[in-house]
Amino acid sequence: MAAAAPLLGIALAVALLLASRGLDNVSAPGQLGPAFWPRLVLAGLAVACLAKAVEAGRRPVRVSRPAAPLARGRLTAAIALIVLYVLVTPLLGFALATAAFIAVFLALCGTRAPLVLAVNAVAGTVALLYLFVKLVYLPLPKGEGSFELFTLALYRALGIF
Amino acid sequence: MGEIFGGLGLGFLNAFQPLNFLMIVTGLVIGIVAGALPGITMLNAIVLVLPFTYLMGIVPALLLMIGVYGGGVFGGSITGILFNIPGDPMNVPTTWEGYQLNRQGKTQYALGLAIMSSAFGGLVSALFLAFLAPPFAKIALGFSTVEFFAVVVFGLASVSVLGQHSMAAAFVSLFAGMVLGAVGTEAQYGVERFVFDVPFLKTGIDFVTVLIGLFAIGEVLDQIVGTAEPAAENPDTRAVPRLPLLDLWPLRWPLIRGTAVGIAVGGLAGAGATVSSFVSYGLEKQISKEPEMFGKGHAGGLVASESSVNGSTGGAMIHLLTLGIPGSAATAVMMGAFLIHGIQPGPLLFTKQPEQVYTIFAGMILANLLMIALGFLAALSFATLMKVPAPILNTFIVVFCFIGAFALRNDMADVWLTMLFGVAGFFMRRWDLPIPPLVMGVILGPMAEQYFLTSMVANQNDLTIFVTRPVSATILAIAVAMLVWPVLKRMRARRNA
């Protein structure tokens, strides 16, 4: 995969160069249009990728830290968990989603004690709500439907609203 | 000269008034904390305190903002050194070296160097501002976007020093970053570029999402998978950060060079702290006798970039106070504070309101001295977080990244982008694609485009303007030399082998 990366880069640069057609339609006569700079940069990207591909052909691609099979599983789980966290936050609201994420992510990182998981999830979320909602007035997602009602009730109970 | 000393004396008397002094301290604390939180930049903090200044007099208002400005440009270095999360783009070069020093068990040393070099850079630039602002401003007036473009190219050229194993890989990374920087609505014609009907891409990709994702999330994933290089046993984290006064002596030249670059880039080019930190770092590696140690915890690199960041603050203020032209976004907000209070910054300010001008100078000097103590306390507070077990720390770093990205525009799209760049950062580490050039490309690419196109419009598309103006030609020649020199060196080494 690492060896194929420069070729993917060249393909991407060419695709974006093609996508830049038509950008210059608005430019004033005799002036450099809005496509000039991106084309220059894309050409640079293509040349750099080509140089990297040639370099990779001459000497093997240096991958410094090969992943162990177990680590791959953890990596997939960690990425999936982060994606799930971002995905469900608008629905569940920041408070619920974050508390759940903290507990599960901590478990994934190797924390097993239920008390540690619970304390970090609850106290951590409450502290973040106070800091960012109460003090910084950041409108973190409240969730939808009944989850929004829950978040609002929680904010009132905590004295944030 | 006597007039300046007299003015400064009066300025210090004013700055030591309880309310004014309190404003400097408050501003520093707000600035350091805001700078340290990813997603909340120093600029955000200055904008946030602006409404509070409406009810104050102009002097306490400006001292508050100066405190936020000075503290904010330093604050991001603390989290950069401790957690590999630079609070602001300007703290990125400090993070490259500081975090490596931290991993080697030299946390105190790195934090101490950052505090002292920040304070030194800021102090010298404040003194420079007090004594040499008017003549310096005259020189700065002769500069145009042509010179600004040359300075940014110089910053981009320092990519040649960032490719540890492969120059080609560094350039792939740099151009990829510049492509990301070109996404969104173009400023000159209002044309959407590479948006593909995705609404949130219309406003472009905020570099903070790239910064947080690549550095913080990528690092967390690296640690979870267990492929991150193990940290050294770190006795430092138990103790308080030390102030390495004596340690600074062997680093005096990087310190002086970094400060000079900060003043020059901030004052002459008005390019701000971010450009000056990249330029200073790149220059330092070119000059260094051990360039191969950069990126592995080089104290000189840290000191040079950190002193240039704070060194640029005085330089940027020269533009504002003497010309009435804000040299950076932060000084533009400060100009707003001046105007709100009915004062027009510019040449007449020195004759009409000298007392206020010298109070500002004194406030800047005082703020940089106070920053040693407050920076020390802040570093101490953040350093205690190092005792938190890694699983807890990693989990909360992800949550902070979520909040930091969301805070940019209150939009979940920025959170998605951050997480996407986090995964990209993880794979870039594994494939040995250097991350710093990509970050440089995203930050400096749009600046380069803006200055280049403005220069072209102003000079009838005459490309020779970049080499016919002496300052621009000199800077560009040095930039080209920076790019060519490592290639020549490698070719010579290969021939000798």
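Mentor: Begin with the axes: they are lines fitted to C-alpha atoms, for helices over the stretch in contact, and angles run from 0 to 180 degrees between N-to-C directions. Helices are DSSP runs (H or I, at least four residues), numbered from the N terminus. This is a predicted model, in which local features need pLDDT of at least 70, side-chain atom pairs count only at pLDDT 80 or more, and totals for chains, interfaces and linings use all residues. Residues are numbered from 1 along each chain as its sequence is written, and chains are lettered from A in the order in which they are written.

Trainee: At what angle do helix H2 and helix H15 of chain B pack?

Mentor: Two packed helices are described by the angle between their axes and the distance between the axes. Here H2 (residues 18-36) and H15 (residues 354-383) of chain B pack at about 50°, with axes 9 Å apart.

Trainee: Which residues of H2(B) meet H15(B)?

Mentor: Contact means C-beta atoms, placed from the backbone, within 7 Å. Ile24(B), Val25(B), Leu28(B), Val29(B), Ile32(B) and Ala36(B) meet residues of H15(B), including Gly363(B) and Phe382(B).

Trainee: How many residues of chain B are in contact with chain A?

Mentor: 47 residues of chain B touch 52 residues of chain A. H16(B) gives the most to that side of chain B, 10 residues.

Note on methods
Contact = placed C-beta atoms within 7 Å. Helix = DSSP H or I, 4+ residues; strand = E, 2+ residues; numbered from the N terminus.
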